[in-house]
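User: I have a structure open and want to go through it. Can we start with the cavity?

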Amino acid sequence: MTSPGRLSLPIESFYDKGPLKYQYADHNNGADMKTVLIIGSGVLARMVVLQLSWRGSVGRMVIAARNSNAAKSIANLTRISCRNHASPEIGIVEMDLDRESRTTEVLSRLKPDIVFNTATLQAYWTFGELPAPINKAIALAGVGPWTSMHLLPVYKLMRAVHASQLNTTVINSAFPDAVNPILAEIGLAPTIGIGNLANIVPAFELAAAHQLNVESRSITASLVAHHAVSNSIPRFGSSRGTPFIIRFYHDGESDVTDDVDIETACDDIKNRFARPRGKEGMWVTSSSAVSIIEALLGKDTGQVLHAPGLKGLVGGYPVRLVDGAFKLALPTGIDPAEAVRVNRKGQTFDGIDSISSDGFLDYTDQAKDIVEAVTGIKLTPLYFSDLEAYARALFRQYREFHEKWSS
């Protein structure tokens with residue numbers, strides 16, 4: 001019997017340092033429920049867990065994190081905030097991606113249907129903690145110079161997924177525009193990414209509807225773009241030359257692209273439809289993740305979504321779920337090869353010169369010059385064999401710079 005004053009949780013889950021122990025109460029009789037494994041306990045992980053739970057989208061979730069107390073805190077916040085409506089089964093498990101054999105064991109035992117990764121050595125929003133002039137200057141180099149810090153945890157995760165021999169969908173949030181195609185070179189690409197171009201599509205739709213003086217819900221956009229586009233337009237009011245392909249449709253049918261002034265739309269995104277960025281603005285990124293996860297959970301509406309890194313492709317694309325898998329859903333008249341070319345050009349505006357299996361990854365001269373001038377860090381080409389040492393060294397160098405200017 002529950003003692004007076006104690007919160008009676010509908011489920012319990014636990015993990016100890018020995019053999020994996022994991023348990024759910026059977027209150028939902030959810031033998032056929034899909035399990036979503038959320039890796040990470042930071043801002044994005046918390047937001048996705050809460051949104052999925054509040055929307056009643058998922059029956060069973062597991063939060064996996066190196067810090068089990070942080071994972072437990074998110075689980076309890078979710079359980080308590082959901083008490084007034086449908087509450088998912090939710091558990092926690094300790095997972096350190098540096099311990100690949102242990103990660104493989106956890107994956108093999110949990111057998112998640114969907115794995116959503118938020119783990120990275122460097123959260124996007126850390127730049128927002130720098131003084132505004134430095135933040136703005138370093139942004140001109142793009143995200144590319146920091147790719148190795150996003151790549152390392154995902155590489156270790158995908159090695160564990162491969163070793164577990166699970167047929168699971170892996171959704172990666174850590175710079176998927178570049179990380180997914182890099183891992184595709186060695187046969188370890190996550191299934192798909194989230195965020196980035198998906199974050200700016202709703203803003204484009206609002207801006208176009210404003211111009212056309214129609215209801216915002218009547219306008220849909222189809223966008224092909226690298227991360228650099230979604231980063232530049234809200235910050236600068238333009239893509240700063242980064243190429244992208246966009247089409248606008250009214251009521252899902254009529255192509256009204258020619259009636260929309262793209263430059264004005266970009267300016268409106270920066271000004272009229274300005275939104276919080278950094279940590280506070282991560283709700284937009286989490287909502288894009290939720291749309292991808294919900295589609296895979298069987299809540300697909302048939303609509304076109306947007307995501308980067310589909311099957312290891314560079315940059316982002318419109319996608320649609322077909323027979324349980326995401327496929328390209330490019331606008332009529334846009335050839336896949338053309339879309340890829342646009343995004344390969346776009347990656348240079350994020351500071352990436354090339355991604356290849358032999359040279360692996362090199363940065364543009366402009367990105368190297370900006371990073372060295374602003375931070376004092378000298379970038380060299382990244383070879384896969386040096387990934388661990390390279391990422392750790394860059395992490396230490398950036399942390400020293402960050403602490404100097406954010407204190």
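Analyst: Helix 8 (residues 227-236) gives the largest share of the lining of the largest cavity, four residues. Helices here are DSSP runs of H or I, at least four residues, numbered from the N terminus. This is a predicted model: local features need pLDDT of at least 70, side-chain atom pairs count only at pLDDT 80 or more, and totals for chains, interfaces and linings use all residues. Residues are numbered from 1 along each chain as its sequence is written, and side-chain values use heavy atoms, without hydrogens and water.

User: What volume does the largest cavity have?

Analyst: About 70 Å³. A cavity is a set of points on a 1 Å grid over the protein atoms alone where a 1.4 Å probe fits but cannot get out; lining residues have an atom within 4 Å of a point. The volume is the space filled by probe spheres set on the points.

User: Which residues line it?

Analyst: Among them are Asn-231, Ser-232, Arg-240 and Asp-350.

User: New topic. Is Ser-288 buried or exposed?

Analyst: Ser-288 counts as buried because its relative accessibility is 6%; buried means under 20% relative accessible area with a 1.4 Å probe, protein chains only.

User: Where is Ser-288 found?

Analyst: In helix 10 (residues 282-299). A polar atom of the Ser-288 side chain lies 2.7 Å from the backbone oxygen of Thr-285.

User: And what does Ser-288 touch, not counting residues up to four places away in sequence?

Analyst: Ser-288 touches Ile-194, Gly-195, Ala-198 and Asn-199, where contact means heavy atoms within 4.5 Å.

Methods. Helices (H or I, at least four residues) and strands (E, at least two) are DSSP runs, numbered from the N terminus. Buried means under 20% relative accessible area, exposed over 50%, partly exposed in between (1.4 Å probe, protein chains only). A polar contact is a pair of N or O atoms within 3.5 Å; within protein, one must be able to donate a hydrogen and the other to accept it, and residues adjacent in sequence count only if both atoms are side-chain atoms. On a 1 Å grid over the protein atoms alone, a cavity is a set of points where a 1.4 Å probe fits but cannot get out, and a pocket is an open set with protein on both sides within 12 Å along at least five of seven lines; lining residues have an atom within 4 Å of a point.
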